[in-house]
Amino acid sequence: MTEEKKPEERKKRRTATEAAAKIGPMVKASIGGTVQAREEGKPIAYAFIVCGYDEIIRAMDIVPVWTENYAGVCGAKRDAQRFLERAEAENFSRSLCTYALCGLGFDAWREELGEMPPDAPWGGQARPDMMLGSGQILCDPRNKWYQAAQHYMPDVPIYDVGMPWPLYENDYDYREVQDYYVKYIVDELKGLVKFLEKHTGKKMDWERLSELVDLSDRTWNLIWEAYELRKAVPTPMGTGDAMNTMVPMVFMMGTQEAYDYYKDLYDELKRKIANKEGVIPDEKYRLIWGGGLPSWFALSDFNYFNSKGAVFPVETTYRMIEAIYNFDIDLSKITDPLEHIAWRWIKFWTYWHDKARKRHGSHPDVEQLIKYIEDYKIDGIVMHEAFSCRSWHPGLIWKLNLLKKVYRDIPSLVLESDIVDISSYNEADTRARIDAFIDTLEAVKG
Amino acid sequence: MPEKAVVKGLAEADRYYQDYGLRARELKKQGQKVIGYLCAFVPAELITAVGMVPFRIKGDVNEPITKADTEMETIICPLVRSCFDMALKGNYEFLDGLVVPHACDSICRTYDIWKYSLNLPYAHFINMPHGTGGPSLDFYKEVLKTFRTSLSGFAGKEISDKALAEAIKLHNQNRAKVKELYELRKSSPPLISGEELTKVLIAAMSLPVAESIEMLGDVIAEVKGRGAPSAQKQARIMVIGAQVDDVAFIKLIEDSGAWVVADDLCPGAREFFSSVDVTADPIAGLAERYLRKIKCGRTYREMEGNYQEYLEDRFGHMRRMIDDFGVDGVVLYIYKYCDPYGFEVPQIKSYIEAKGTPVLYLEDEYSMSTIGRLRTRIQAFLEMLAK
Amino acid sequence: MQYFAGVDIGSTMTKVVIMNDSVLASVIGPTGPEHRKLANRVMEEALKKAKLPFEDITYVVATGYGRINVPFADKQITEISCHARGVAYLLPEARTVIDIGGQDSKGIKLKDGRAVDFVMNDKCAAGTGRFLEVAAEELGVKLEDMGKLSLKAKNAVRISNTCTVFAAHEVITKLSEGAALPDIIAGLHEAIATRVHGMLRRLKIEREVAMTGGGAKNIGLVRALEAKLGFAVLVPPEPLLTGAIGAALLGRDMVKEAEAKGIKLEKAERRLQEATLFT
């Protein structure tokens, strides 16, 4: 994803695995594919990741344009500024999600020109036939972004699928409410299917959908098993790679291609472990990326960590799966695909609740950190505060404090920047912080 | 038993505005339980029905945010941060509980921070859905039932349908009083200034609903009785925004030579103009009002009809208010880091301008340290409206 | 014969004009921290130049950042309205105004000679004269030479930091890496032009575009903005006076309107405090 060089000389980012290296061309092909699909008149939908509708889209042969991905690509290529500026010229505040600003700026420009903006990264973002939003805990842009985009594309309809999940509360357990959550999600997904049938003129093939849901279950299990391999010392793969390998997980879920990709990744990691091949030969510090989306234009910072002997065997960001067989219900018994998706959704988002109940004053997010810290033999934790994202980034400070309170004091580093807006990033400052953190780790270890 | 305030009407409102939480502290001393809430999407009727005092948490535009930064990221809506800062600084020590709705990211994604930091005896998150379709309404009814059960558990007593219906009646009366007060803004000049009205609404959000009704009644009588103000002003302004919990901004507009006669704000018309229908199951009426009747940027209204009709559904009430209240210009006042309204600015602005009313869009930081910059912009806008 | 005065107290410069149908006298001086004293002094100087006693001035309008500190002003009007009016007089073909001052920048949309929409940046130094001031200091170059130097650039250096403080650091780094001084300075002008143009686009830019304020006197900045716009901009002969001229003319407009309607306008006392009182 960062193979392109900009006028300033920049070192090519290195990935530890071949699997990660494959991703750049895959994404480029996929984006090009959407532009081609537009030309061929195939149905195209703007879509968000982690909304539970991947299999439904695939089952109906709808071509998704993952708008967050496109913004990430613009960010990684360091060509997002002109789109952010266009959004600002439209009176969108620069404090809003920069994925959305990038996308809205792009759409405004494309609609004004009647064609792609000049030199649009990797061919540009294809105009959609429909937009699929989502109302959930995760983030407001999933409701508001496409609604705002309708200002430039008033003819494009939106379906907003409600996908809530229960928070961790002291006055009730999630199992007391899960039934009505599942019912709501199923109703919303039914509504989505009706919407898609209406706008494509095609009927849902329910058998095919069941197959794809089963395929994604197996893919979930495979990803979990592959990522668990990273517990090895030395670790064969770090978060820098994971920011690539997450692509099939969130952009291609429900496809054979995704399943095959993770099979290859699993095999590659197994090989590396057999040969004791780590991300770096002299692994000194094992870190967890404990929260925050990465700066897409600064993924090479992971190489910088590597150069100091630090690796990231595990991260919580984009780990959007769990092993299905670890759930406390037998999901295979739920044969209706929409119910299956709904139960999988609820069980995923409440996965760490039970653990939190067992430790006084704890919280599911902290339990996840603790489990990874112990399983992956972690020495320190790094968080990233991206200023424009109010979904993943509130609570990182609090989480760190709580972790230290209920578990143990552990060296921590908080980086500050953004996902896409490079003007918020200062390389020298970031590296200085990393250096200071490495010193702390050294002091604690020594 | 301590005496209730003998000050009435506008003076009473001023008293509760200047010392926010005064009445709640008195009631706490008398043994009542006070439940704090963020955002008008919390159905306070349930809190009233269980016999506790609903108390809306507010920030302080004049107080620099300091303590909050140790636990809450600065990328959160500044109003929410200020509220949290006030809580950490002890302004809300009298709270027995905290109820937070799924309003927006800044509120929803910081709920855990509030809960763990304040460590109150009771905390509950109302997972209000974003959509307004049938399944969303059904889901929301279940969510409210969960809240009702939870609150009953905390109170140690059931909330009967009868008690809930009574509370709904009271809160509807409260809303009707506010609407009546707004009617007094229609005249030229308005009988009550924006500054006075804002003070009254903010005072009201700190009082038990029955006392709020009484105060509002006194204010209406007082304002009707005193006659029209003598000040000559050039323009009638409507303020549209997410939340304004201080008079400073309203006063700034009025000191610059205009009347603030209308709004789509919270507290304000958006919060008070719609009432709860009387339904056999009171939960149904509550769900309908909060999810569908209130038109706030946090709610994703399902699109029916074409795009123009959609805009009418979302913003038509603003146009009607402009007509009903004789508004000359609109100030769109949005805080930085506000997601629900930040995304809507181009659409709201273009909708209102298309109908012929000028719009000044201001992005602000909540704190009144920016007042000099705001003053120039507002003055320039008023100069443009003149002639 | 009626005379009108416009007093524009900016954050860096204070400007006064006295005019009837044309400008009779004008004074420009640095503002400094004591607006009130300065306003008196500059007004005195202008009156001396025009050879007029203060009582002969029919109407005085104050504008700019320090407009509330002009006790002898009959009216205060924002610089947005005043710049609009000034440009309408000086460059009647203009429909959009860009004003880049020492500490703020504005865009104004004109219709029938009046401001109908505006955008402002007065909280971030990048996009204002201050950006150049800070950079000039870092580079050891005189501020007034920055414009000319930028025109000598072969390849403008791209400054990626939008924050003034970080950009100043970046500039030093680029210099130590061997970038040519004119190229860096051109890059700085481009950075300001980008910010200002970005802000301006919220107004839907319409030709002709006029530039006013101190920024308009910087040929490098003017060229950088023209490059962004894709066409030439108009600059009045003395860009710093646009606001004061507009203020005086708005005063004249008000007086004429009042006379037509038979209304008496409120005026301040025609008295200047002795500037020498405070030392």
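Chain A has 16 helices and eight strands, and since this is a predicted model, please take everything I say today as computed from that prediction. The C-alpha atoms of chain A fill a box of roughly 65 × 55 × 45 Å along the principal axes. For 446 residues, a compact globule would have a radius of gyration near 22 Å, and chain A comes out at 21 Å, so the two agree.

How much of chain A is buried? Buried residues are 68% of the 446. If we take the contacts in chain A with a separation of 6 or more, 77% of them come from residues 24 or more positions apart. The accessible surface of chain A is about 15,500 Å², with 50% of that belonging to carbon and sulfur atoms.

Let's move on to chain B. Here we have 17 helices and eight strands. The radius of gyration of chain B is 20 Å, close to the 21 Å from the globule rule for 387 residues, so chain B is as compact as a globular protein of that length. Its C-alpha trace spans about 65 × 55 × 45 Å along the principal axes. Of the 387 residues in chain B, 64% are buried. Among contacts in chain B between residues at least 6 apart in sequence, the share that joins residues at least 24 apart is 73%. Chain B has an accessible surface of about 13,000 Å², and carbon and sulfur atoms hold 50% of it. As for charges, chain B carries 49 positive and 54 negative ones, with mean positions 2 Å apart.

Now a helix to find on your screens: α11 of chain B, residues 248-255. Why is this helix described as largely enclosed by the rest of the structure? Because six of its eight residues are buried, and buried here means under 20% relative accessible area. Those six are A248(B), F249(B), I250(B), L252(B), I253(B) and E254(B). What do they pack against? Their partners are all in chain B: the helices α9 (194-204) and α17 (371-385), plus the strands β5 (235-241), β6 (258-264), β7 (329-335) and β8 (359-364). Just past the end of α11(B), G257(B) takes a positive phi of about 110°.

In α6 of chain B, residues 111-118, the buried residues are Y111(B), D112(B), I113(B), W114(B) and K115(B). Within chain B, they pack against α4 (78-88), β3 (97-101), α5 (105-108) and β4 (122-126), and from chain A they meet α15 (396-406). Just after α6(B), we find N119(B) with a positive phi of about 50°.

That brings us to the interfaces. Between chain A and chain B, the contact takes 58 residues from chain A and 55 from chain B. The buried area there is about 4,700 Å², and carbon and sulfur atoms give 57% of it. On the chain A side, K144(A), Y180(A) and R390(A) supply 15% of the area buried against chain B, more than any other three residues.

Last stop, chain C. It puts 11 residues in contact with 10 residues of chain A. Together chain C and chain A bury about 910 Å², with 37% of that on carbon and sulfur atoms. In chain C, the residues losing the most area to chain A are R158(C), R201(C) and R202(C), together 49% of what that side buries.

Methods
Residues are numbered from 1 along each chain as its sequence is written. Chains are lettered from A and ligands numbered from 1 in the order in which they are written. This is a predicted model: local features need pLDDT of at least 70, side-chain atom pairs count only at pLDDT 80 or more; totals for chains, interfaces and linings use all residues. Side-chain values use heavy atoms; hydrogens and water are left out. Helices (H or I, at least four residues) and strands (E, at least two) are DSSP runs, numbered from the N terminus. The radius of gyration is taken over C-alpha atoms; the globule rule is 2.2 Å times the number of residues to the power 0.38. Buried means under 20% relative accessible area, exposed over 50%, partly exposed in between (1.4 Å probe, protein chains only). Contact means heavy atoms within 4.5 Å. Accessible areas come from the Shrake-Rupley method with a 1.4 Å probe; for residues, only the protein chains shown count as cover. Buried area is the accessible area (1.4 Å probe) that two parts lose on being put together, summed over both. Lys and Arg count as positive and Asp and Glu as negative; His and the chain ends are not counted. The place of a charge is taken as NZ of Lys, CZ of Arg, CG of Asp or CD of Glu.
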